[in-house]
Amino acid sequence: MTPVSKDAVCEDDGPVLDLELERNTEAPSLARAAISGFCQDRELSPSTLATITLLVSEVVTNAVVHPRVEPPGMVGFHAYCGEAVIRIEVTDPGDGFTPKQRDPARLGGGYGLYLLEKESSGWGVEPTPPTTVWFEVAT
């Protein structure tokens with residue numbers, strides 16, 4: 001698993017979406033709806049929109065499930081649309097983590113970071129509390 005440096009951030013002054021989501025089971029669906037609306041007028045291919053939506057769902061789900069903190073809590077969701085890329089940042093109140101390879105013997109779950117690795121044009125983790133996972137998808 002090889003996250004890209006945070007230096008890969010967008011430099012353009014494009015549209016921005018900022019949300020604070022409650023850290024609960026509804027957060028992934030709210031984030032999917034928000035990113036779909038945000039991307040609606042962006043002339044993205046159906047495949048690109050599907051990839052962005054899938055990755056948003058995976059990363060927000062991880063932010064709800066994995067932090068070792070007591071509820072309630074919030075998940076920060078930031079989307080930025082540059083000229084050739086959409087960047088998503090998801091922040092949770094967790095203590096951070098170091099990305100690891102997915103165990104191929106594991107039968108269920110564990111696909112979130114694997115999908116980021118395979119489908120995004122860049123991604124990374126800012127592991128110090130709070131934890132931020134970001135990814136970019138070329139448009």
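Residues are numbered from 1 along each chain as its sequence is written, and side-chain values use heavy atoms, with hydrogens and water left out. Because the model is predicted, local features need pLDDT of at least 70 and side-chain atom pairs count only at pLDDT 80 or more, while totals for chains, interfaces and linings use all residues.

**The largest pocket**

The largest pocket has a volume of about 800 Å³. (A pocket is an open set of points on a 1 Å grid over the protein atoms alone, where a 1.4 Å probe fits, with protein on both sides within 12 Å along at least five of seven lines; lining residues have an atom within 4 Å of a point.) Its lining has 30 residues, and Asn62, His66, Phe97, Thr98 and Leu113 are the closest to the centre. The lining divides into 12 nonpolar, 10 polar and eight charged residues. α2 gives the most, with six residues. β3 (85-92), α3 (112-119) and β5 (131-138) are among the elements that each supply at least two.

**Ser120**

Ser120 lies in the loop between α3 and β4 (122-126). Ser120 counts as buried because its relative accessibility is 13%, and buried means under 20% (1.4 Å probe, protein chains only).

| Backbone oxygen | Distance to Ser120 side chain |
|---|---|
| Leu116 | 2.6 Å |
| Gly122 | 3.3 Å |

Beyond its neighbours within four places in sequence, Ser120 is in contact (heavy atoms within 4.5 Å) with Leu55, Leu115, Phe135, Glu136 and Val137.

Methods. Points joined across faces, edges and corners; volume = space filled by probe spheres on them. Helix = DSSP H or I, 4+ residues; strand = E, 2+ residues; numbered from the N terminus. Nonpolar A, V, L, I, M, F, W, Y, C, P; charged D, E, K, R; others polar. Buried < 20%, exposed > 50% of the residue type's maximum accessible area, 1.4 Å probe, protein only. Polar contact = N/O pair within 3.5 Å; in protein donor to acceptor, adjacent residues only side chain to side chain.
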